[in-house]
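Subject: Structure handover

Hi,

Here is the structure I promised. Please have it open while you read my notes below.

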Amino acid sequence: MTMVTLSTDLTQLMSIRHPIVLAPMAGVSHASLVSAVANAGGLGLLACGYSAEPEWVRKQLRVASASVENEEGAIGVGFITWALKGKEELLDAALEMNVAAIWFSFGDYSPYIDTIRARSPKTKIIVQVQTVAQAITAVEGYGIDILVAQGSESGGHGRKNNGSVFSLVPEIMDATAGRVPVLAAGGVTDGRHLASAIMLGASGVVVGTRLCATPESAMHPKAKAKLLETTDGGVSTVRATVFDQLRRLEWPPEYDFRTLRNEVTDTIESGLTPASWQTAYDHAVKQQDYSVLPVPAGQGVGMVRHISPAREVIGRMMDDAKLCLDVGAAMVDSRRTHIKSSL
């Protein structure tokens with residue numbers, strides 16, 4: 001791997017080498033993975049999830065920062081916005097650590113904008129959206145710094161009814177007229193996806209499922225093994241609300257949760273009620289039984305075949321994206337016809 005670079009609005013704004021952002025995934029994006037992505041030249045985002053405490057946030061950020069070996073990447077924090085309400089001390093903890101970025105998704109982030117601007121002016125505000133209307137509001141109404149266009153392919157939580165990356169990204173680009181960098185999220189697994197996102201007008205990508213399958217990820221090894229066993233992500237993953245009910249999480253009704261299919265999702269589709277699984281689910285939590293527990297995954301999961309270090313994943317993604325872009329250039333420039341794809 002040559003670890004090429006691509007200069008985009010994102011890399012310039014965040015002063016990072018590569019236009020790749022770690023999705024802040026609860027139970028996955030902890031200090032080890034955050035620092036590994038930053039060391040590889042991307043933006044690593046710590047996931048606060050549902051039950052984090054302020055001191056945990058501080059400790060994770062201290063550990064991640066101490067593990068960063070260069071200035072090619074950056075570190076930030078991601079929040080499930082509706083879960084932050086009443087726990088604003090988590091945001092305070094992040095701002096105390098002078099993080100490079102704060103990410104909001106799934107809920108009303110507007111109460112926090114002025115606080116961030118006042119207390120940490122250099123911290124960039126990232127907002128993940130699932131619709132064009134949300135994107136316009138974020139840019140025109142609140143002046144956020146970076147948009148994430150989350151397509152329906154995404155693993156984990158997303159909007160029940162929204163477009164794919166292929167349709168959502170360019171429409172958001174048109175609607176916001178390039179005023180802020182837009183990142184593509186959903187199914188991003190390799191360099192072909194990064195190159196495609198760039199061609200759609202995005203300034204970078206958010207990577208989730210592929211970075212779950214790294215040694216630095218906090219995902220349980222049994223869950224990682226499930227990812228590697230999976231093929232045909234379009235049919236082997238499913239969107240549902242059953243696992244939020246079983247985990248007793250009160251998610252807003254417009255969102256559901258994409259996971260690998262398993263015994264639970266199959267029987268729910270056949271008409272069984274979530275309540276009928278509660279006892280078995282609680283037992284599975286103790287046993288770490290992933291025939292019952294959810295394994296969040298996007299539709300690109302079928303291309304995840306190995307557990308590889310985050311630096312290797314990002315390096316390969318960058319090299320392959322550069323090759324794709326070179327091949328595309330060769331198609332319209334006869335002087336470059338010697339370039340062939342080896343993907």
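Start with Q150. Beyond its neighbours within four places in sequence, Q150 is in contact (heavy atoms within 4.5 Å) with F106, Q128, V129, Q130, H157, G158, R159, N162, G163, L168 and A185.

A word on the basis. This is a predicted model, where local features need pLDDT of at least 70, side-chain atom pairs count only at pLDDT 80 or more, and totals for chains, interfaces and linings use all residues. Residues are numbered from 1 along each chain as its sequence is written, and side-chain values use heavy atoms, with hydrogens and water left out.

Back to Q150. It sits in strand 6, residues 146–150 (strands are DSSP runs of E, at least two residues; helices are runs of H or I, at least four; both are numbered from the N terminus). Q150 is buried, at 4% relative accessible area (buried is under 20%, exposed over 50%, with a 1.4 Å probe and protein chains only). Its side chain makes a polar contact with the side chain of Q130 at 2.8 Å. Another joins the side chains of Q150 and Q128 at 3.5 Å (a polar contact is an N or O pair within 3.5 Å, one able to donate a hydrogen and the other to accept it; residues adjacent in sequence count only if both atoms are side-chain atoms).

Next, helix 15, residues 278–287. Q278, Y281 and A284 are buried there. They cover an arc of only 120° around the axis, so they lie on the same side of helix 15 (the arc uses directions from the helix axis to the C-beta atoms). The buried residues of helix 15 pack against helix 13 (242–246). T279 and K286, on the other side of helix 15, are exposed. Q288 follows helix 15, with a positive phi near 55°.

Best wishes
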